[in-house]
Amino acid sequence: MAKVKKKIKTIKIDLDKCNGCRACEAICSAFHATPKYSSNNPARSRIRMIRDPLRDVYVPVYAGEYTAAECMGRDKYIIDGKEYDECGFCRASCPSRDAFKEPDSGLPLKCDMCEDDPPLDKPLCVKWCLNDALIYEEREEEVEEDIKAEDVQIGLESMVDKYGMEKVMDTIVRMSQKD
Amino acid sequence: MRYAETGYNLEIDLATGNVERVETDPRLTELHLGGLGTNAKMIWDRVPADVKPFDAENLLIFSSGLLCGTPAPGANRTIVSAYSPQTELFGYSMMGGFWAPELKYAGYDKVVLRNKSPNLVYIWINNDKVEIRDASHLKGKGAVETAELIKKEINDPGAQVAAIGLAGENRVFMASIEQGRSSASRLGLGAVMGDKGVKAIAVRGTKDVNLAKPAEFVKLCEEVLDYIKLREENPVPGVMPILAGLGSPQEMKHIDEKWHTENFMWGNSRVRRKDFWTKEIAEKWKDVQLNVRTRLISCYNCPMKCGAIISVPGISTYMMKCFSKLTYAMAAFVDDLDFGFRIAQRATEYGVDGFSVPQAMAFGFELREEGILGEEYFEGCPSDNEGKFYWMLDRLVRREGIGDILADGTYWASKKIGNGAEKFAHNNIKKHEQLPLKLGMLNPVYYLMYATGEKINITQIEGQFPQSPFPTMEEREAFIKDWIQCPDDKFKKYLLDWELRGEFANPTYPTPEIASDIVDWQEMIHYFDDALGICAGLSSFPLKPPYHIHNFPKIISAGTGMELDEEGLKEIYKRNRNLVRSLNVRRGMRRADEVPPEDHWKKRFPELEQKLLDTYYEMKGWDNDGIPKKESLERLGLDYVAEDFEKRGIIKNG
Ligand code: SF4
Ligand code: SF4
Ligand code: SF4
């Protein structure tokens with residue numbers, strides 16, 4: 001595959017600075033509403049606060065890849081004397097939890113770094129986090145060109161995993177038939 | 001589609017278990033915005049004037065403010081309303097945290113509880129699914145503990161739980177409703193919740209809150225955030241640290257407590273300890289605070305950090321807000337901050353008001369010292385100050401012995417005790433304990449706020465205008481230069497003219513007219529916040545906040561789609577202000593009740609004080625007894641209030 005220069009966008013997360021306000025969730029969901037900002041619903045956000053105040057667990061996690069299967073591991077981490085729950089750091093939209101799924105359809109969500117035209121100077125969750133718990137970083141890198149699966153494809157894959165190819169095909173056929 | 005609000009309330013009849021989702025009238029939003037405004041309207045319409053706080057007909061309303069659940073920073077207040085057992089007037093108490101936005105996401109603007117449940121229950125609102133569940137296993141459990149147990153039971157760590165502790169169950173008049181890092185503490189609404197047999201309300205929502213003009217709304221929110229950043233980088237010079245920045249008086253962040261410990265009174269609001277803050281105390285308190293404070297935390301969608309997670313070794317972790325780290329220690333004369341953090345943990349689990357309860361306990365011990373309460377009331381009471389207060393707190397929330405008497409607060413307790421006890425309940429307004437603060441010279445602005453504030457408690461009325469004049473003209477000029485929050489340039493002149501001494505100083509300046517203007521401005525912003533669900537810490541309370549009269553109309557319009565300008569918004573304020581007052585007038589409140597404590601200021605000026613009230617009432621369009629006049633009510637579309645008053649003979653025809 002061809003090598004191309006690509007802007008790598010990363011968000012550094014400083015757990016110690018997070019105050020658990022969920023502003024990041026609020027604005028992410030608003031940004032991805034259609035039309036943009038027309039509604040707000042943290043359940044649709046692509047960043048999720050894993051928040052357990054009494055145990056001082058405050059972990060913002062970005063939605064990553066969709067996965068059809070649950071993982072094998074059920075790890076517990078102890079960092080600075082705090083125990084983090086099994087899925088605390090995981091970014092996957094997986095069958096075993098509700099995180100990173102559209103609440104209505106169950107379709108997986110993924111952080112897209114607030115892709116926009118024209119591009120934003122930084123992702124909105126970073127902009128709204130006045131506590132600097134989220135820090136945006138950009139660098140150029142030579143990477144192999146990959147063909148990015150579109151949202152629609154990811155969504156369809158998850159539906160196929162859930163209901164089987166036949167049922168999904170049937171549904172699409174039914175939907176496309178005009179009456 | 002409804003914007004900013006969901007357009008639905010949840011009505012629950014606790015006697016029958018009937019649950020209804022009721023569509024609301026959008027016209028009410030135009031008239032009252034939401035939150036406090038529509039709560040007041042509902043109580044006016046539906047709760048007869050003679051209903052007692054613990055009658056089944058008393059409604060308990062949990063309302064999210066109009067902007068809660070939108071991206072507006074700091075819009076997260078739950079406004080809880082009912083007739084208060086302590087004042088017997090309209091009680092409304094606010095809490096921040098995460099509950100109100102979650103309610104919006106579940107699809108409701110308010111939860112309205114009527115009648116009483118025969119058994120202790122909790123309510124579980126999960127979007128459209130609403131269950132009333134048995135809570136007998138939670139009886140006697142702490143408020144924080146209850147929230148954790150319920151979250152496990154319903155298996156949803158994202159649920160937000162508002163719960164009462166033992167105090168609410170036992171109808172302690174100072175019982176609070178605790179939630180996350182916040183609580184609705186004032187005026188005993190936790191007791192009303194306990195009386196209705198509701199231990200907790202858990203809520204979880206995954207629905208959308210819609211905006212009318214989305215791009216415009218978010219742009220305005222970003223301006224608010226930009227301003228917060230600017231304000232954080234530029235504290236107001238020349239005022240004490242807690243007034244220099246935004247947020248609630250960030251008790252958890254600040255370690256220097258010289259001002260509070262030396263200016264507030266200790267014990268039963270009696271003793272000022274002018275030299276308390278020594279170097280040793282400062283160092284010791286700093287160590288204690290930094291050791292137990294695990295993290296500074298915020299409410300929903302707010303960059304400030306007014307609360308903290310407190311982990312004291314040996315007791316369960318809790319979240320502290322506001323001022324309770326000092327109130328218990330100062331009431332008990334314990335010079336060790338560690339005690340403050342420990343006893344506040346127990347008090348939070350019990351669910352009590354951290355202002356009133358320490359005062360009531362100190363009052364009890366003062367009566368003992370004076371021989372008004374005999375030793376028989378204190379059997380088994382330890383002799384050390386710490387032990388004494390734990391002992392009393394346990395009794396008070398259980399309503400055992402002397403605790404049963406003190407559980408009603410100092411006003412009612414002193415009546416029950418008699419024998420001269422009333423003289424010792426010396427810090428009340430309208431039957432409610434005020435901050436333990438006694439000052440020298442009467443301050444006209446504060447006089448009016450203390451006397452007339454419907455929220456009853458002073459800390460929740462002040463803001464906007466500096467508390468004292470700046471010594472030099474340069475400082476004054478610097479202050480007014482970027483005072484974009486001013487509704488009118490006349491306030492700049494008031495500030496420039498205001499001196500520390502002489503003719504243009506307290507008590508003769510601000511004059512009654514000017515003092516009324518200033519109070520009106522401060523009240524106005526509080527009424528907006530309480531209707532919109534915006535935190536006072538970003539709006540009505542601090543100097544130079546990001547929200548003000550000039551951006552509120554734009555934000556509300558963009559959020560709701562309502563056409564609104566400054567004049568229109570001011571009308572809504574006046575309507576809500578008059579409706580809240582009318583609720584209390586209908587329950588018998590009059591000028592004679594609008595009296596600050598006798599010794600609140602050392603120097604009093606009876607004539608001036610009467611003039612202040614006269615002028616303020618006049619400006620509000622109220623008669624000489626503090627009753628809204630017929631024409632004022634009619635002008636605000638409150639004709640139905642005027643009619644009611646006429647029928648009752650409260651106002652005479654014409
Ligand atoms: S906006 Fe920042 S501080 Fe707030 S929850 Fe998100 S990461 Fe934490
Ligand atoms: S970068 Fe953008 S898409 Fe990703 S979580 Fe943040 S706001 Fe959402
Ligand atoms: S300013 Fe403080 S109290 Fe107000 S919403 Fe923000 S964190 Fe909560």
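**Close-up views of where chain B meets chain A**

**View 1. Polar contacts link the two chains.** Between chain B and chain A there are 19 residue pairs in polar contact, counting pairs with both residues at pLDDT 80 or more. Keep in mind as you look around that this is a predicted model.

**View 2. Several elements of chain B take part.** Helices H3 (99-106), H4 (143-153) and H7 (214-233) each supply at least two residues of the side of chain B that touches chain A, and so do strands S13 (209-210), S14 (293-297) and S16 (318-321). H7(B) gives the most to this side, with eight residues. Sorted by class, the side of chain B that touches chain A has 23 nonpolar, nine polar and eight charged residues.

**View 3. A salt bridge joins Glu148(B) to Arg55(A).** Here the side chains of these two residues meet, at 2.9 Å from N to O. In total, five salt bridges are counted between chain B and chain A.

**View 4. A strand from each chain pairs up.** Strand S2 of chain A (residues 39-40) and S13(B) run antiparallel, joined by two bridges. Look for Asn40(A): its bridge partner in S13(B) is Val209(B).

**View 5. The whole contact, seen through its area.** Chain B brings 40 residues to the contact and chain A brings 34 residues. About 2900 Å² is buried between chain B and chain A, with carbon and sulfur atoms giving 54% of that area.

Definitions and conventions. Residues numbered from 1 in each chain as written. Chains lettered and ligands numbered in written order. Predicted model: local features only at pLDDT ≥ 70, side-chain atom pairs only at ≥ 80, totals over all residues. Heavy atoms only, no water. Contact = heavy atoms within 4.5 Å. Buried area = accessible area lost by both parts, 1.4 Å probe. Salt bridge = Lys/Arg side-chain N within 4 Å of Asp/Glu carboxyl O. Polar contact = N/O pair within 3.5 Å; in protein donor to acceptor, adjacent residues only side chain to side chain. Helix = DSSP H or I, 4+ residues; strand = E, 2+ residues; numbered from the N terminus. Nonpolar A, V, L, I, M, F, W, Y, C, P; charged D, E, K, R; others polar. Pairing = 2+ DSSP bridges.
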